[in-house]
Amino acid sequence: KLVHVSRRWRAVVFDTPSIWNEIILGCYEGRPGLLKLHLERSRQTPLTVTLDSDQQPELDVVLLHASRIRFLLIFGGAQHIIDRLASFTFPALEFLLVYPLAHSAYSLLSLYSRTPALKCLQLHGSYDHPLPSGPAAGQLSTSAPRTTCLSNIPVQSLIHLSLEGPMDSWRLPPDSIHFPVLESLKLRTDYPMSLLEAIVAPKLEQFEFSRAFDMLPVYKAFDGPTSKFNNVRHIVFAASPSRDVARHGAFDLAQEFCYVFPGVRHAKIHMQYLRPLFYPCQTVGHPHIPIDNWTRLESLEIHDLDVNEVDVYFVSWFRMRKDLGLHLKLTSERHTANHSFVAPGASKPGLYQTFQECCASVELCCIPVSSPMYLSLSADSLHLVSVGRCILEDAP
């Protein structure tokens with residue numbers, strides 16, 4: 001549409017390579033000539049390429065520019081597409097997403113060796129492929145080697161790693177995979193502990209976990225020194241697709257993560273994990289309440305808050321730890337919130353008032369209330385942004 005505005009606009013559009021450097025292969029099906037034209041207009045700018053099919057000759061046209069692909073997203077028949085990439089090198093590739101991976105681990109092995117600059121790897125449906133393989137030097141070493149999607153992974157350059165799928169059949173020896181520059185790890189699986197025991201990532205700063213859909217959790221206590229994760233400052237417990245699955249084993253895993261990552265300072269947790277973190281734990285040698293293991297916690301963000309499910313343990317924890325100086329953020333888009341969360345004139349203080357007294361700051365986002373806000377609070381406590389949207393946040 002822009003090229004029809006004027007001749008000058010048309011010239012600018014055709015002469016701006018960044019307008020043409022994002023290629024979604026499915027949009028060019030049956031039109032290889034148009035694809036060639038757009039790639040020519042992109043000149044030598046880095047490319048973002050989405051491969052959602054392995055149709056020829058369109059894929060062949062794209063792969064002629066493999067040397068300048070920086071972002072590569074593979075969907076659909078991932079194994080067939082990856083096989084087609086076998087004879088190409090991707091020296092500029094920094095981001096790779098494969099979905100669904102399914103049983104494509106074997107195909108990935110050769111691709112890793114041709115992506116020396118890879119920084120971010122996202123594998124969805126990362127099932128292993130039980131094919132015999134020799135151990136990679138400095139990475140995997142087992143008495144009965146097994147090829148997984150992590151075999152031959154370019155550990156020296158990887159900064160962000162995201163894995164989704166079952167991992168219970170992976171046989172990974174402790175401390176067998178070294179990620180010297182890995183900063184963030186995201187797992188969506190039923191069996192996270194085995195991988196955590198296997199990796200060594202001295203620069204890891206952020207960890208995110210959620211359950212995979214319709215997969216019952218396999219709880220396993222962490223067997224290894226927690227000191228290797230002392231640098232993890234940010235942790236996220238994301239919502240699981242099925243609430244029942246999440247609650248089924250949320251206690252054991254959520255509590256164990258508190259011990260695996262003792263240096264957490266900033267936590268974002270879904271309401272599903274509220275009770276496991278704040279419920280008294282009687283395990284010998286562990287803190288009485290799991291979240292107490294995060295002795296340097298500075299901020300806590302709770303998503304999808306349901307006031308009706310906030311129990312006495314959660315509230316009592318804040319009352320007993322007024323001196324932490326914690327910054328609290330609560331978000332919710334529910335329409336069933338209890339009106340007592342903010343209830344002026346009530347005989348007992350509402351939850352907001354309690355948190356206000358116990359925390360350094362409180363931010364409420366999309367918390368429904370039963371009436372307009374008219375709280376009389378200290379000058380540094382509450383700033384009303386939008387009564388209609390019920391968004392409340394602290395003023396500096």
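Strands β10 and β11 (residues 234-237) pair in the parallel sense over 4 bridges, where strands are DSSP runs (E, at least two residues) numbered from the N terminus and two of them pair if DSSP finds at least two bridges between them. Within this pairing, glutamine 206 stands opposite histidine 234 of β11. This is a predicted model, in which local features need pLDDT of at least 70 and side-chain atom pairs count only at pLDDT 80 or more. Residues are numbered from 1 along each chain as its sequence is written, and side-chain values use heavy atoms, with hydrogens and water left out.

Strand β10 also runs parallel to strand β8 (residues 184-188), to which 5 bridges join it, and here glutamine 206 is the bridge partner of serine 184. Of the 5 residues in β10 (206-210), 4 are buried, a term that means under 20% relative accessible area, with exposed meaning over 50% and partly exposed in between (1.4 Å probe, protein chains only).

The structure also holds 8 salt bridges, each a side-chain nitrogen of Lys or Arg within 4 Å of a carboxyl oxygen of Asp or Glu. One of them joins aspartate 175 to lysine 228, with the closest N and O atoms 2.9 Å apart. Because aspartate 175 lies in the loop between β6 (160-164) and β7 (177-178), and lysine 228 in the loop between β10 and β11, the pair ties together parts that are 53 residues apart in sequence. Aspartate 175 is partly exposed, at a relative accessible area of 36%, whereas lysine 228 counts as buried at 17%.
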